[in-house]
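Read the sequence alongside the coordinates below. The paragraphs that follow go from the overall layout to one set of paired strands.

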Amino acid sequence: MRDQARNAAFDVMRAVAERDAYANLLLPRLLRERGISGRDAALATELTYGTLRGLGTYDAVIEACSDRAPDPAVRDALRLGAHQLLQMRIPPHAAVGTSVDLVRLRVGQGAAKFVNAVLRKIAGRSLEEWVPIVAPDPDRDPAGHLAVAHSHPRWVVTAFRDALGKDAGETADVLAADNDRPQVTLVARPGRSSVKELRDAGAEPARYSPYGACLPEGDPGRIAAVAETRAAVQDEASQLVALALTRVPLDGRDERWLDLCAGPGGKAGLLDAIATHGDLEGLAATPAAGGAGGRAGGAVRPGLVRPFAGGARLVAADVQHHRARLVWQTTVDAGVITADGTEPAWRPEAFDRVMLDAPCTGLGALRRRPEARWRRDPSSIAELSRLQRRLLGTALDAVRPGGVVAYVTCSPHLAETRVVVGDVLARRDDVEQLDARDYLPEVGGLGEGPHAQFWPHRHGTDAMFLALLRKRA
Ligand SMILES: C[S@@+](CC[C@H](N)C(=O)[O-])C[C@H]1O[C@@H](n2cnc3c(N)ncnc32)[C@H](O)[C@@H]1O
């Protein structure tokens, strides 16, 4: 039975390496097809996800214990073995023995001998003992050390460190948080579901979001509200950045909202519900929304947050038709269109509020997909940030004087966040930046402002970035 689990993990590792498979899609399918369930399914899952997350560290240890570079299939088996030896409580003789059997069966007798020798060496030390041996000296190369110790590409380590700025000492904490599996967070879309309904189905209230609930275990799809799209799986920071956009008080008309990059529809689902029904939790709270647990080190400025009363309509756009279809499935009242945000299908200044959740590297959500950190490519940043600037330009053109734009990325990388906002603002004199933290008074630790930066190690959320920009009246 153990071998079934290890064979499945090995197959997923090979598919990830050879055909860019997504482990979180392929593994559940393999488990289903092969009838693997219970403890074996849990073992296969831990083996696959844990090994993919940790392989930066394991590769360094494997290299230190090998006299030659292993073939790709052998290397994957060694990585699985290293994970069992260094991170799981599997007895060394079992971890080595089952790995050798796996390689003998799947690769060949010669490779099995090599794997036996390498894994025996690895088993001689604990992870804590290996790291100082295989990682660069932390004094001479701090980023290199963190990259190996916490199994992230070096460029991601430096991107997090730069984004943390004066809090760069927390870089190791972000990396460690990325290695934890995120808990499942749900959103109860106002007017369509409620946190109470989700609690009755076994969820617990979320830390910050008045519409959030955490599901400690079980399949979210079994909850009726989720199955009926009245609620959904959504990271808490994603809920809060959407909510912040709706909380900015506007003078005059407030009826037309735009979600410029809406697919697959997470934020659009919440915005659509608030546009129609209002920010029901905010309206119920008195006198100032979010009074409890206010921003650390700063008073909540009363009167800044204004819960939306309802009566607006959302237009949700995405350039990809299949993603626009997903938005259509998840919203109720929104008008959904397939449109390229850089070539507006609407009149200038047509909207009162605009959400731009821009396409980005996704460095803020690496914890969600075990292999994602190894797939991202720093060379994509220049092109992405050009597109982000263009889209922010069209978002600002789409909003009326006095209206507000939320610029959001699921990445803390400075080139996708502050640099984009700074460049666009430098070229326009019709826009002012608001302090986004003022519209999230229940959340502390969002940085120095005026933008708000969420972090997994501080908030238990994705590393989501928010800037709020108002077009001058
Ligand atoms: C970060 S995702 C948005 C996630 C979404 N807001 C949510 O909460 O589920 C970015 C989206 O932008 C879309 N996109 C990329 N380029 C675009 C463009 N030029 N115009 C409109 N949408 C675009 C992508 O198809 C993708 O669905």
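Which domains does the domain assignment give for the protein? The model is a predicted one, and the assignment lists domain 1 as residues 2–128 and domain 2 as residues 236–471. Taken over C-alpha atoms, the centres of domain 1 and domain 2 are separated by 40 Å.

Next comes the overall shape. Along the principal axes, the C-alpha atoms fill a box of roughly 75 × 50 × 40 Å. The radius of gyration of the protein is 24 Å; a compact globule with 473 residues would have one near 23 Å, so the two values agree. Of the 473 residues, 49% are buried, that is, have 20 or more other C-beta atoms within 10 Å of their own. When contacts between residues at least 6 apart in sequence are considered, 73% join residues at least 24 apart.

The secondary structure consists of 20 helices and 12 strands. Strand 3, residues 212–215, pairs with strand 1, residues 184–188, in the antiparallel sense over 4 bridges. In this pairing Leu186 stands opposite Ala213 of strand 3.

Strand 3 also pairs with strand 2, residues 204–205. This pairing is again antiparallel, with 2 bridges, and a hairpin of 6 residues joins strand 2 to strand 3. Here Glu204 stands opposite Cys214 in strand 3. In a regular strand, side chains alternate between the two faces of the sheet.

How values were computed
Residues numbered from 1 in each chain as written. Predicted model: local features only at pLDDT ≥ 70, side-chain atom pairs only at ≥ 80, totals over all residues. Pairing = 2+ DSSP bridges. Domains from an automatic or database assignment. Rg over C-alpha atoms; globule rule 2.2 N^0.38 Å. Buried ≥ 20, exposed ≤ 12 C-beta atoms within 10 Å, placed from the backbone. Contact = placed C-beta atoms within 7 Å.
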